[in-house]
Structure formats: structure tokens, C-alpha cells
Amino acid sequence: MSSPAQPSPMPSPRAPSPTLPSPTLRIRGLTKRFTNHLRGGVTRAVLRGVDLDVEPGQCVALTGASGSGKSSLLRCVYGTYTADAGSIHLRTAAGTVDLATAPDRELIRVRRDHLGMVTQFLSVPPRVSARDLVAERGLGPEAAAELLARLGLDPALHGLAPATFSGGERQLVNIAIALARPRPVLLLDEITASLDRHRRATVLRALAERKADGTALLAIFHEMPDQPGLIDRICRLDDGRVLEAA
Ligand SMILES: Nc1ncnc2c1ncn2[C@@H]1O[C@H](COP(=O)(O)OP(=O)(O)OP(=O)(O)O)[C@@H](O)[C@H]1O
């Protein structure tokens, strides 16, 4: 696979859009317990009253030991896991919704228009090309190919379905799908872990651009990226709570 093209210059950071209410994401008292039914219903509290705000145009990096609950926190925000207690207010120009209690139909609408999540796993229908998967998000085929190329996916792969792609190639498709439709909040779960150094830098630059456009980012990183201007705050999950680390 060829090396990615020389990156286009980063846009100068702009102030967050004044039309977006602040904070975009306000989490209060978020609690999540898991019950092991194979062990007599023993319960383990993973999140024990998480408080966290993410402002428009801000990137909050989430760290913490393995198993500290970082992915669980993101999954609660995205609605994959239901919260046991607490609130997760997502504020957009269209209004505020509590993701902790929103009905499924509302969650689906919020995900489409306001809240994206990228994980390390690509789940896509078979026999649909990488370009079409990205284009389907409203971009059109040319812009989809441009985005994929910019992220560093070899153009020879654009017309192929990602089923046979390498881990890193699949991840680039995953990221392109998430970036294809701009949404005010992006949840990112270790999205650069399978990428080489060049592509990691390219993806981090693309995230910094989204941030400069006002997108709020809540991102799990095991290794803190050194992309200038990307990370505004580092928060650590410890004993089920979020501590401000920097
Ligand atoms: N669906 C689930 N059912 C039961 N336990 C779960 C579930 N999801 C997560 N856990 C447990 O919750 C704890 C936190 O897991 P989580 O994946 O959120 O941690 P993490 O901080 O993201 O870890 P890592 O850095 O290793 O990815 C772990 O002990 C995990 O086993």
C-alpha cells in the first residue's frame, strides 16, 4: 500500500459556533453496574457517579487503566448500554435530550443528526464498496473517494467491499463513514490503535479540523496523541469516577 499523500494544511482554529448551546454534552451522576447472572447475580459498579462536560469545539481525552470503564462510559452516552442512574444531556441547536432516558426512536434520530461513535470494529453490510459505504452518508461518490484517499486508503481499494481489508484499512473506512456526515458530537474509542504512524497523524489532523469547526470530541486514547491543538483536557477514569488529569 502506498504512503498517504502529503497532508493539506490544517485550518486555523476557529471559535466554537455561537449557535451551539454549551456544553454540548453534560453528564451528571452517571452510574452503570453489570450483573453476572452466571455467578449468582453478583453486581459490579463500573461507573459510580461520573460528572463530565464537553464544550462545543473541545476535545476531551479519556484515559484510565484497562477495565476502568472508558468504553462503558462511551457506550452509555451512545445508548448501547442503558445507564442505571444519572443524566447525559446532549444539547444541540434543535434542543436538549437526555440520552440516559431517551426512547429508542429518539436515540436513533439523535445518532443520525447529532451523535457519532467510532470504535475499532467495522460492522458493514457485505458486498458494498468502501466508497459506497461512505457515499451513502450523503457525500456522493467523488467526495467519498476524496475523503478515503485523504485518510490514506489506497484508491485501488475504494471500489472493493471492506470484508477482506486489513485491520488498518477497515479502520480508515470506519473513520471515513463517521466523518462523512458532520455531527456536533463524536465519541471515539481508540480509533487510531490499528493505524501506522502516517495514517494516525492524518486521522488526528482530520479530527483537529472537526474540532475547529465546533464538533465536541470525547475520545479514548491509550497513548496520548501529540497532534498540536487536538486535546484540550485529559480526564482519567478512576474508581468509577472522572478525575481531571490536565
Ligand atoms: N456488557 C458487559 N457485561 C459485563 N461486564 C462488562 C460489560 N461491558 C464491560 N464490562 C466490564 O466493565 C469493566 C469496564 O470495561 P470497559 O470495557 O468499559 O473498560 P475500559 O476502560 O474501556 O477497558 P480497556 O482500556 O481495557 O478497553 C470491565 O471489568 C468489563 O469486564
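Visitor: What makes strand E1 (residues 25-36) and E2 a pair?
Guide: In this predicted model, ten bridges join E1 to E2. Pairing requires at least two bridges between two strands, so E1 and E2 qualify as a pair. The two strands run antiparallel, and the bridge partner of Ile27 in E2 is Leu52.

Visitor: Which sheet contains E2, and what makes E2 an edge strand there?
Guide: E2 belongs to an open sheet of four strands in the order E2-E1-E4-E5, with antiparallel pairing. E2 and strand E5 (95-98) each pair on one side only, and they are the edge strands. From one strand to the next, the twist averages 25°.

Visitor: What does H1 touch when it packs on the sheet?
Guide: H1 touches E1, E2 and strand E4 (85-92), and its direction makes about 70° with that of E2.

Visitor: Why is Arg48 called partly exposed?
Guide: Arg48 lies in strand E2 (residues 42-54), and 16 other C-beta atoms are within 10 Å of its own. A residue is buried at 20 or more such atoms and exposed at 12 or fewer; the value of 16 falls in between, so Arg48 is partly exposed. Leaving aside neighbours within four places in sequence, Arg48 is in contact with Thr31, Asp239, Gly240 and Arg241.

Visitor: In which order do the six strands of the open sheet stand?
Guide: The order is E6-E7-E8-E3-E9-E10, and the pairing is mixed. Strand E6 (115-118) and strand E10 (241-244) stand at the edges, each with a single partner strand, so one side of each has no neighbour in the sheet. The twist averages 20° from one strand to the next.

Visitor: What makes H5 roughly parallel to H6?
Guide: H5 and helix H6 (residues 197-212) pack at an angle of about 10°, with their axes 12 Å apart. Angles under 35 degrees count as roughly parallel, so that description applies to H5 and H6. Gly168, Leu172, Ile175 and Leu179 in H5 meet Arg199, Val203, Ala206 and Arg210 in H6. The residues of this contact divide into five nonpolar, one polar and two charged.

Visitor: Which residues of helix H3 (residues 130-139) are buried, and what covers them?
Guide: The buried residues of H3 are Ala130, Arg131, Leu133, Val134 and Ala135. Their cover includes helix H4 (141-151) and helix H5 (167-180). Just after H3, Gly140 takes a positive phi of about 90°.

Key:
Residues are numbered from 1 along each chain as its sequence is written. This is a predicted model: local features need pLDDT of at least 70, side-chain atom pairs count only at pLDDT 80 or more; totals for chains, interfaces and linings use all residues. Axes are lines fitted to C-alpha atoms, for helices over the stretch in contact, and angles run from 0 to 180 degrees between N-to-C directions. Two residues are in contact if their C-beta atoms, placed from the backbone, lie within 7 Å. Angles under 35 degrees count as roughly parallel, over 145 as roughly antiparallel, 65 to 115 as roughly perpendicular and the rest as oblique. Ala, Val, Leu, Ile, Met, Phe, Trp, Tyr, Cys and Pro count as nonpolar, Asp, Glu, Lys and Arg as charged, and the others, Gly among them, as polar.
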